[in-house]
Amino acid sequence: MIKPPPSQIKPSQLSIITSLTNSTVKQLTSLRLEKFRHEHELFLVEGVRMVRDAQRAGRVPKILAVHHDQSHQPEAVSLMKGCETVISVTEEILTKITSKENPQLVVAAYEIKRQPLSSINPQAGDLFIALDRVRDPGNLGSVIRSADAAGAAGVVLIGASCDPYAPEAIRASTGSIFHVPVFEGTEADFIAVARKWPGSVVGTAAAGRVEYRNVKYEAPSLIVMGTEQSGMSAAIERACTTVVRIPIHGRAESLNLAAAAALMLYGARESGELTKGIS
């Protein structure tokens, strides 16, 4: 492990860490658990592509672990720039950190930048999506990815939601966690924001009066999704200006949250009411 000034990190200075009890290895491994993500305010990212995405978004890892066979490769060297701590490790160490038998050759820890719902700026874009008590981190990561693809300017988490920085959520976001702000707040926080929202607040429910494609989405539009089991809470539904439904034509009781969110985001984007979106 080395911790020289970030601009001076050189692969030749790296010694291979093989001990599973190394303090940095233990810290990285601990980030699989929400308790330690909160304690260290760090989250894990796996793979060169996602670390490269972070770099393009202006994010620099606090810790970078690189497989020793790759530490001298130009791609890995370029990812070290600005990093506070770099370690060269064995595959066994990477397996320990990620809990995967065939781990990625690069693992990084990034600072968590939490954003309260009260800080959201509706003028930052023309499309946002809010999730009421989302519990599955894989679903959440997929929604963040879809929000990014649809040009949304933010994802809002309401109430007791799962951690957007869980490894499953980060993997499912495929790098979009670095491009789309995630805001967190209570149900009361959301209702306060919704009451002052300058555009449409469009909720989704099985009993919605109108189909999602037949509603006017006034920018900035805030789409609100509930859980697959119970939908939005009654209070959040009352805070919406419109409640729509996604029709079910087969025997399934409902759509997966991530699939439904993608339909809503693109339904709003392609409605013709919104502007082109953020760049």
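Student: Is Glu-41 buried, partly exposed or exposed?

Tutor: Buried means under 20% relative accessible area, exposed over 50%, and partly exposed in between (1.4 Å probe, protein chains only). Glu-41 has 27% relative accessibility and therefore counts as partly exposed. Please note that this is a predicted model, in which local features need pLDDT of at least 70 and side-chain atom pairs count only at pLDDT 80 or more, whereas totals for chains, interfaces and linings use all residues. Residues are numbered from 1 along each chain as its sequence is written, and side-chain values use heavy atoms, with hydrogens and water left out.

Student: With which residue does the side chain of Glu-41 meet in a salt bridge?

Tutor: Side chains of opposite charge can pair when their charged atoms come close. A salt bridge is a side-chain nitrogen of Lys or Arg within 4 Å of a carboxyl oxygen of Asp or Glu. Here the partner of Glu-41 is Arg-114, at 3.7 Å from N to O. Glu-41 lies in the loop between helix 2 (34–40) and strand 2 (42–46), and Arg-114 in the loop between strand 5 (106–111) and strand 6 (115–116), so the pair ties together parts that are 73 residues apart in sequence. Helices (H or I, at least four residues) and strands (E, at least two) are DSSP runs, numbered from the N terminus. Arg-114 is partly exposed, with a relative accessible area of 28%. Glu-41, Arg-114 and Glu-184 are linked in a network of salt bridges.

Student: How many salt bridges are there by this rule?

Tutor: The count comes to twelve. Among them is the bridge of Asp-132 with Arg-133, at 2.9 Å from N to O. Asp-132 is buried, with a relative accessible area of 2%, whereas Arg-133 is partly exposed at 28%.

Student: Which residues of helix 1 and helix 5 meet?

Tutor: Contact means heavy atoms within 4.5 Å. Val-25, Leu-28 and Thr-29 in helix 1 meet Ile-93, Lys-96 and Ile-97 in helix 5.
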